[in-house]
Amino acid sequence: MSIDPALAFRGTSLTFANGTRALDGIDLEIRPGEFVSLVGPSGCGKSTMLRLAAGFEAASGGAVDVRTDRLGYVFQEATLLPWRTVARNVELPAELAGVPKAERRTAAADAIARVGLAGFEQHRPSQLSGGMRMRASIARALTMRPELFLFDEPFGALDEITRQHLNSEVGELFVRDGFAGVFVTHSVPESVFMSTRVVVLTGRPGTIAADIPVPFDFPRDPELRYTAAFAALAAEVSAALRGDRQEAAA
Amino acid sequence: MTATLEAPAKTAAPEPPRPRKRLWPFTTAPVRVVAPIAVFVLVVAAWAASSHLLVPEASRFLLPPPEAVVAEGLLDPAARTEILTALWNTVQVALCGLAIAIVLGVLFAVVMSQARWAEFSLYPYAVVLQTIPILAVVPLFGFWFGYEFGSRVIVCVMVSLFPVVTNTLFGLKSVAPAEHDLFTLHGATRFQRLWKLQLPAALPAMISGFKISGGQAIIGSIVADFFFRQGVPGVGRMIDVYRQRLATEELLTALLLSSLVGLCLFWAFDLLAGRVDRMHGKR
């Protein structure tokens with residue numbers, strides 16, 4: 001744990017121009033080899049933390065330190081450009097960075113194969129299912145060979161079966177690449193299944209209510225979801241989320 | 001269990017394109033052709049009936065029946081040559097004006113999309129272009145720029161610029177925030193954002209603008225010609241001449257052929273829109 005954090009929030013606050021306080025004094029370090037889920041109710045600022053890390057927003061107080069420029073970001077929607085094929089979408093980051101065509105083609109093909117979309121390179125997003133679109137989106141982020149991988153509620157719109165597949169597949173990528181992962185979700189089971197740590201946020205303005213380590217080894221079997229140890233941890237996360245609500249009501 | 005669960009996702013074939021839900025069940029190709037023709041036949045029949053049954057023989061020149069229009073406007077070689085020559089002049093002016101309006105309009109919209117101050121300072125004048133009474137401006141253009149081709153083209157540009165500007169600007173600004181974030185994340189330059197994101201995303205809206213502008217350009221060309229009464233004659237001048245001669249057959253022919261040109265222009269853009277929609281995976 002002496003490695004430098006890939007991402008650190010240091011007393012980070014954010015107040016929007018309209019006066020809304022999104023985050024208040026967040027302290028959180030995420031190191032390489034950690035996969036941290038941010039769980040919390042809608043509007044608690046968890047997505048805002050990712051937006052700060054990616055540089056889409058600037059903190060109004062404190063600091064956000066990102067130790068790498070190899071940043072992967074998966075959006076809530078697949079955010080594929082509909083007029084581009086899967087291959088051309090996946091090579092977009094390299095294209096914007098001015099990487100020569102042949103090189104970025106190879107990198108894109110490799111990333112597409114890694115998410116199990118080989119054979120669909122020439123399809124357009126509209127020809128793919130929601131799960132496949134999300135895979136293409138992950139492939140696009142993979143071309144950055146991310147050291148810090150940010151996921152902004154990426155699987156919320158998918159059906160449960162597809163979601164569980166993608167949970168396992170992201171887990172495989174994490175085991176292989178050892179990036180620092182930050183995963184925003186509404187789902188308690190998803191957060192426990194994916195992570196080495198679950199950070200529970202409370203809402204408006206967002207503050208950290210609990211930081212719960214998840215001890216299970218990787219790679220994780222999908223059956224892990226049905227074990228007693230898993231249920232106990234999920235209960236702990238849920239309790240932390242509920243504790244917030246009672247406080248808010250009081 | 002694990003294996004059986006994982007297999008379908010990894011080997012899943014692409015979903016076949018979903019059959020589009022049809023609002024109107026008869027949108028097959030034959031109906032697309034037959035339905036407008038049926039309307040055409042009905043309108044022509046109503047026209048013929050009104051002309052023969054409602055208008056007394058002596059004043060039938062007010063509304064000549066369709067067969068007379070065809071005989072005297074289209075089948076008569078002298079009248080036909082006269083009208084087609086005028087129409088060709090009108091169309092040349094209109095197409096030239098439309099092309100310039102498209103280039104200028106897209107340029108204006110791009111400039112406005114790049115900076116709020118540019119939008120705030122230019123947009124009101126784009127609206128003025130739309131609201132200014134063209135009939136009052138046409139004689140002025142005659143004074144300033146003469147009565148020839150260039151002056152007519154300016155009138156066409158003026159009347160067809162606004163739809164291009166508004167639709168293009170709307171399209172450029174309709175890009176989803178997440179797509180902008182994606183380009184921000186990867187450090188896209190302003191030009192990359194415009195060229196690889198905003199313009200392709202705006203294309204369908206732009207073409208909708210071109211469709212409206214096409215018709216406007218033809219009207220502009222006719223109006224300019226009608227008021228100038230000088231220079232190479234187009235449909236506008238012929239309409240005036242036929243009006244004075246009470247040559248309603250020729251007048252109607254000129255009118256119908258001008259509309260047909262506008263319709264063809266609209267169809268051409270519609271074809272283009274179809275291609276773009278397919279490119280965007282919408283059809």
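The contact between the two chains takes 26 residues from chain A and 22 residues from chain B, two residues being in contact if their C-beta atoms, placed from the backbone, lie within 7 Å. The structure is a predicted model, in which local features need pLDDT of at least 70 and side-chain atom pairs count only at pLDDT 80 or more, while totals for chains, interfaces and linings use all residues. Residues are numbered from 1 along each chain as its sequence is written, and chains are lettered from A and ligands numbered from 1 in the order in which they are written.

On the side of chain A that touches chain B, two or more residues each are given by β5 (71-74), α3 (92-96) and α6 (160-177) of chain A. Helices (H or I, at least four residues) and strands (E, at least two) are DSSP runs, numbered from the N terminus. By class, this side of chain A has 14 nonpolar, 9 polar and 3 charged residues; Ala, Val, Leu, Ile, Met, Phe, Trp, Tyr, Cys and Pro count as nonpolar, Asp, Glu, Lys and Arg as charged, and the others, Gly among them, as polar.

Chain A is assigned domain 1 (7-70 + 147-249) and domain 2 (82-145), with bounds from an automatic or database domain assignment. The centres of domain 1 and domain 2 of chain A, taken over C-alpha atoms, are separated by 26 Å. In the contact between them, 9 residues of domain 1 of chain A meet 7 residues of domain 2 of chain A. Helix α6(A) provides the largest share of the domain 1 side, 3 residues. That side of domain 1 consists of 6 nonpolar, 1 polar and 2 charged residues.

Chain B has 11 helices and 0 strands. Of its 283 residues, 31% count as buried (20 or more other C-beta atoms within 10 Å of the residue's own, with C-beta atoms placed from the backbone). Among contacts in chain B with a separation of 6 or more, 75% are between residues 24 or more positions apart.

Within chain B, helix α7 (residues 149-173) and helix α9 (residues 190-228) pack at an angle of about 160°, and their axes are 7 Å apart. Axes are lines fitted to C-alpha atoms, for helices over the stretch in contact, and angles run from 0 to 180 degrees between N-to-C directions. α7(B) is therefore roughly antiparallel to α9(B) (an angle over 145 degrees). The contact of α7(B) with α9(B) comprises 19 nonpolar, 12 polar and 2 charged residues.

Key: Angles under 35 degrees count as roughly parallel, over 145 as roughly antiparallel, 65 to 115 as roughly perpendicular and the rest as oblique. A residue is buried if 20 or more other C-beta atoms lie within 10 Å of its own, exposed if 12 or fewer, and partly exposed in between; C-beta atoms are placed from the backbone.
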